[in-house]
Amino acid sequence: MASSRIMALAMLIISSFFFLSTHTQASSDSFLQCLSASIPNQIVFTRSSPSFASVLASSVRNPRFLTAATVKPLCIVTATNASHVQATVVCGRTHGVRLRVRSGGHDYEGLSYRSVRADATPFAVVDLAGFRSVRVTRGTPATAWVDSGATLGELYYAIGKVSDRLAFPAGLCPTVGVGGHLSGGGFGMLLRRHGLAADHVVDALLVNAEGRLLNSTTMGRDVFWAIRGGAGGGSFGIVLSWRVNLVAVPSKVTVFNIPKSVQQGAIDIVTKWQEVAPALPDELLVRVVAQGQVANFQSLYLGTCDALLPVMSSRFPELGVDRNHCKEMNWLQSVANIFLGDGATVEDLLKRTASGDAVFNKATSDYVRQAIPRDIWAQIFTSWLARPTAGLMILDPYGGKIASVSESETPFPHRAGVLYNVQYMNFWGSAGEEAARTGWVRDLYTFMAPHVSKNPREAYVNYKDLSLGENMVGGGNVTSFEAGRVWGEKYYKGNFRRLAMAKAQIDPNDYFRNEQSIPPLGNQIILTNVARVDHAA
C-alpha cells in the first residue's frame, strides 16, 4: 500500500515537471512570436541567432558570468527607442517571461544579463547600449538629458565639449552605464563638493510593468524618489532617460597621485588620513587605493596648485605634497587622467571598453564611521595585502556635500557620520584562481567586521554582493519582504521599507525582479498571468 502511494507521488512529480517544462516552452515560444509581431526582427537575438553569443558578451565585464554553466537569457532585445522597450514589456507580461535590463554591463553580480538559478523561469534581456544619446542644454541651471545606455565617459565628454566650467558628479570608471549608475546613487571625485549623481536627477522617463511610458510626475513622487538610488538592478521598471542638473567647476583643477610604501610610512599616513580626508575643504577629495605594500593617494582639487599647497601643508603635512606632484588641467581632462593615467586623452573616455573590463573579479563593500586603529592597519598591510592572492582596497572619503543631505532625501542613506566607503576587490586571470581570490575578499570582509558600521553593517548597492543575501519568492508569487530585508537594510537602512512600498505602487505583482530586487510591500497583491511557478527570479 505504502509503495503504491510512493509510486503515485513519483508519477505526479514527473508529470508536474513535464507539464511545467512544456508550459514554459509554450510561454517562451509565444513570447518570441509576440516580439516578432511587435518590433523589428533585427533587434531580437535568440539563442539560435548566429550573433547571440557576441551580443551577450558585448557588455559582460566579468568572465565569471560568461561560462557554459551561466543561465542565459531566452533572447536579447537591443532596443533603440521607447516603443521597442514598451512592446517587449507587454509581450513579457502577457506570456510570462520576465525581463532584465542592461545598460553598461557593470553589475558586480551580472544580474543584468544572467540568472543565478538554473531552475528560474525564462527571462529576456533588454540591452540599452544603443539607447545612448546625450543632450546638454546651457542655462541656469545647465542640464542634460542622458539615455541609460550612454556611458559615464560619453556623458562627461558631451558636457566637457559644451563648457570647461560644467561637470557632473558621478563615478570614475568611464565605461559604466549611466542607467545602472544613477539607479544605485553614484559617487566619484566630486562627491564632497556636489554629492551623489542621483542627488542631481530632476526628471526621468520610465517604462512600467504595463508598458506605459511615465515621467517624474506621472510615475508619482514615491516612485521618482525610489529610482534615484534605490532601483539598483531594475526593480521599478526600465528607466530609459534621465534629466540631470549639471554642476559648476572652475576652468582649472589640480590632480595628484602620490604613492607611499609601508617603508615610507603608509600605515601611519593612512591612519591619519581617516580623520583628515572627510574634514578637508569640500573642494578637495583625497582617496586611497591600497595594494600590496603601497597606498596610492589620488586627489582632485577644484582650484589651482597655488591654492592647494597651503591647504595640504597645514591639514595633511604627512603626505608631503609639493608643486612637483601637481598637475593642472580642466575637469574633463582630470577624469581621463585619474582613471586612465598619464597620457590618456579625453577621446579615450568615449571607448565603451577598457583594458580592465574583462578580467575575473569579485568585490564587496563597507562603511567606516569610526577611525580604524593603527595596529589594525598594520595587520591589513603586513598580512592581508601582502598575500600572494591579495587584491586591493579602495577608500573613498565622505563628508562635505554628500554628508549634508538627509538620509531619507534619497534611498541612498550613507550620509552624515560616515568617514569613508571601503571597496574590497580582487582580480585574477584564470578560472582556477577563483576560490583563492574570492576567499581573500570573503576572509578580509570577515576580519573587518569589528571595525566597520554595525546594525546594519552598511554596504553600497552599486558594489552588489549576493553573499549579503538573496531574495526568496513567497506567498502570492511575489518576493518576500522579510527575506529582502536581510540584504536590503545593508544597502538602504531604514529606506528599504519605503522602497518596498513604492514597489507595491508601481509593480505590485513583482514583474521586475531578480536576486536582489526590491520586493513589493502592500496590503493586497493581485495575481496576474505572469504569476507562474518559479523559485527566485
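Analyst: A cavity is a set of grid points where a 1.4 Å probe fits but cannot get out. The model under discussion is predicted.

User: How many cavities of 30 Å³ or more does the structure hold?

Analyst: The largest cavity contains about 90 Å³ of space. For the second largest cavity, the volume is about 40 Å³. At a threshold of 30 Å³ or more, the number of cavities in the structure is two.

User: Which element gives the most residues to the lining of the largest cavity?

Analyst: The lining of the largest cavity includes Trp 331, Ser 334, Val 335 and Ile 338. Among the other lining residues are Tyr 156, Phe 168 and Leu 300. By class, this lining has 10 nonpolar residues, two polar and no charged ones. The element that gives the most to it, with four residues, is H10.

User: Is the disulfide of Cys 34 and Cys 91 left-handed or right-handed?

Analyst: Cys 34 and Cys 91 are joined by a disulfide with an S to S distance of 2.0 Å. This pair links distant parts of the chain, from Cys 34 in helix H1 (residues 2-38) to Cys 91 in helix H3 (residues 82-95), 57 residues apart. Both cysteines are buried. Because the torsion about the S-S bond of Cys 34 and Cys 91 is about -75°, the disulfide is left-handed.

User: What is the S to S distance between Cys 305 and Cys 326?

Analyst: The link of Cys 305 and Cys 326 has 70° about the S-S bond and is right-handed. Cys 305 belongs to helix H9 (residues 305-315), while Cys 326 lies in the loop between H9 and strand S15 (327-329), 21 residues apart. A disulfide requires the two cysteine sulfur atoms to be within 2.5 Å. For the disulfide that joins Cys 305 to Cys 326, the S to S distance is 2.4 Å.

User: Why does Cys 326 count as buried?

Analyst: The cut-off for a buried residue is under 20% relative accessible area. Cys 326 counts as buried because its relative accessibility is 15%.

User: How far from Cys 75 is the nearest cysteine sulfur?

Analyst: At 0% relative accessibility, Cys 75 counts as buried. Two sulfur atoms must be within 2.5 Å to form a disulfide. Cys 75 is in no disulfide, and the nearest cysteine sulfur, that of Cys 91, is at a distance of 9.6 Å.

User: Which residue makes a polar contact, through its side chain, with the side chain of Arg 352?

Analyst: Arg 352 is placed in the loop between helix H10 (331-340) and strand S16 (360-368). With 17% relative accessibility, Arg 352 counts as buried. Its side chain reaches the backbone oxygen of Gly 149 at 3.0 Å. The side-chain partner of Arg 352, in a polar contact of 3.1 Å, is Glu 154.

Definitions and conventions:
Residues numbered from 1 in each chain as written. Predicted model: local features only at pLDDT ≥ 70, side-chain atom pairs only at ≥ 80, totals over all residues. Heavy atoms only, no water. Helix = DSSP H or I, 4+ residues; strand = E, 2+ residues; numbered from the N terminus. Buried < 20%, exposed > 50% of the residue type's maximum accessible area, 1.4 Å probe, protein only. Polar contact = N/O pair within 3.5 Å; in protein donor to acceptor, adjacent residues only side chain to side chain. 1 Å grid on protein atoms, 1.4 Å probe; cavity = no way out; pocket = protein on both sides within 12 Å on 5 of 7 lines; lining within 4 Å. Points joined across faces, edges and corners; volume = space filled by probe spheres on them. Nonpolar A, V, L, I, M, F, W, Y, C, P; charged D, E, K, R; others polar.
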